[in-house]
Amino acid sequence: MRKITYREALREALREEMRRDSSVFLLGEDIGKYWGGAFKVTEGLAEEFGDERVRDTPISESTIIGTAIGAAITGMRPVAEIMFGDLTALAMDQIANQAAKIHYMFGGQAKCPIVIRTPFGAGVNIAAHHSQSLEAWFMHVPGLYVAVPSTPYDAKGLLKTAIRGSNPVMFCEHKLLYPLEGEVPEEDYTVPFGVADIKREGEDVTIVATLYMVHKALSAAEKLEKEGISVEVVDPRTLVPLDKQGIISSVKKTGRIVVVSEDCKTAGVTAEIAAIVAEEALDYLDAPIKRVAEPDTPIPFSPTLEQYVIPNEEAIIKAVKEIV
Amino acid sequence: MLTETEIAKIEKELSAKIDEAVKFAMESPYPAPEEALEDVYA
């Protein structure tokens with residue numbers, strides 16, 4: 001199968017959905033023909049679809065999402081880009097108090113099919129305001145879906161599902177994943193929400209990881225295999241809806257679980273998944289649940305400090321060895 | 001109103017301060033990794 005990058009996979013999903021459905025349009029800062037997006041995901045799309053369907057907006061995240069919501073309620077399918085995940089904070093009222101609640105507050109009579117694409121993640125020395133992983137903020141708001149693709153295949157398939165759906169979706173990308181290459185079919189396909197993917201099969205311990213941490217978990221698993229420890233890597237692919245059964249099935253097989261996420265440990269992604277396993281699968285566990293997450297600090301600028309707080313392969317290996 | 005001479009003087013002073021700060025930063029060792037956990041709260 002041909003290989004393309006995560007960035008190209010996202011762009012293909014946007015292009016194909018825009019060709020398929022004239023109600024799909026894009027809006028965001030610098031996404032048009034002058035720049036093509038801060039991470040170049042939308043490069044070339046304004047040339048094909050024009051300024052009306054690839055709209056450069058003023059620097060106002062709240063306006064971007066508010067505009068998208070209004071368009072969605074009246075029948076359009078906007079895909080908004082927020083340049084850095086951290087800046088979703090500026091649009092939080094629109095996202096959490098408006099988009100998430102419209103269908104509920106109107107008793108199902110209004111839909112809000114918006115997709116908000118935004119990159120999270122640390123590792124490129126851009127400090128506290130451009131490096132956070134805030135997926136858990138959105139998991140906490142009923143009415144939002146939260147997608148977390150870790151591969152080009154998942155990125156394209158999940159983005160198509162997000163665009164074709166009827167609900168607001170926080171589509172969480174990761175800065176370090178954009179250049180990653182992977183196999184993506186030429187033909188049309190989608191990846192369903194709420195279906196975890198086993199990225200590597202194993203017998204002794206389950207690692208649940210998302211986004212860039214999937215790749216750190218996979219390389220940790222390779223090293224552990226050489227020491228005789230067989231690791232299963234489970235990627236939920238969407239945090240809302242979450243494939244609880246997929247995670248629990250793996251735990252039933254291995255009896256051990258390490259949950260890995262790049263966000264802060266307190267009230268984060270790992271906290272939620274660990275709690276679900278403790279509540280619903282404790283009887284299958286042969287060892288305590290382990291979590292590997294960012295310590296509760298802002299992301300520092302200094303490369304030395306930044307690498308210290310980002311969960312790494314060594315921390316994953318250590319956590320596995322503590323329970324195997 | 002500032003005169004051109006005064007503006008030039010301020011710019012020169014600030015430029016020297018910045019040069020000094022950059023020199024200090026470049027000559028300083030990287031911080032200890034654990035310092036990442038400091039200063040989150042006062």
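Before the first stop, one definition: two residues are in contact if their C-beta atoms, placed from the backbone, lie within 7 Å. Keep in mind, too, that you're looking at a predicted model.

Start where the chains meet. Eight residues of chain A are in contact with seven of chain B. On the chain A side, that's five nonpolar residues, three polar and no charged.

Now stay in chain A and select strands E9, E11, E10, E13 and E14: in that order they form an open sheet with mixed pairing. At the edges sit E9 (197-200) and E14 (290-294), each pairing on one side only. On average, neighbouring strands here are turned by 25 degrees against each other, direction ignored.

Next, colour helix H8 (residues 212-226) of chain A. H8 packs on the sheet, touching E9, E10 (205-209), E11 and E13 (257-264), and its direction makes about 170 degrees with that of E11(A).

Zoom in on E11(A), residues 231-235. Three bridges join this strand to E9(A), running antiparallel; look for Asp197(A) opposite Asp235(A) and Arg200(A) opposite Val233(A). Towards E10(A) there are four bridges, and that pair runs parallel. Here Ile207(A) has Val233(A) as its bridge partner. Trace E10(A), H8(A) and E11(A) together and you'll see a right-handed β-α-β unit.

Last stop: is E11(A) buried or exposed? Five of its five residues are buried, so the strand is largely enclosed by the rest of the structure. Val231(A), Val233(A) and Asp235(A) lie on one side, Glu232(A) and Val234(A) on the other, and both faces are covered.

Terms used:
Residues are numbered from 1 along each chain as its sequence is written. Chains are lettered from A and ligands numbered from 1 in the order in which they are written. This is a predicted model: local features need pLDDT of at least 70, side-chain atom pairs count only at pLDDT 80 or more; totals for chains, interfaces and linings use all residues. Ala, Val, Leu, Ile, Met, Phe, Trp, Tyr, Cys and Pro count as nonpolar, Asp, Glu, Lys and Arg as charged, and the others, Gly among them, as polar. Two strands pair if DSSP finds at least two bridges between them. Helices (H or I, at least four residues) and strands (E, at least two) are DSSP runs, numbered from the N terminus. Axes are lines fitted to C-alpha atoms, for helices over the stretch in contact, and angles run from 0 to 180 degrees between N-to-C directions. A residue is buried if 20 or more other C-beta atoms lie within 10 Å of its own, exposed if 12 or fewer, and partly exposed in between; C-beta atoms are placed from the backbone. A crossover is right-handed if, with the strands pointing away from the viewer, the path from the first strand over the helix to the second runs clockwise.
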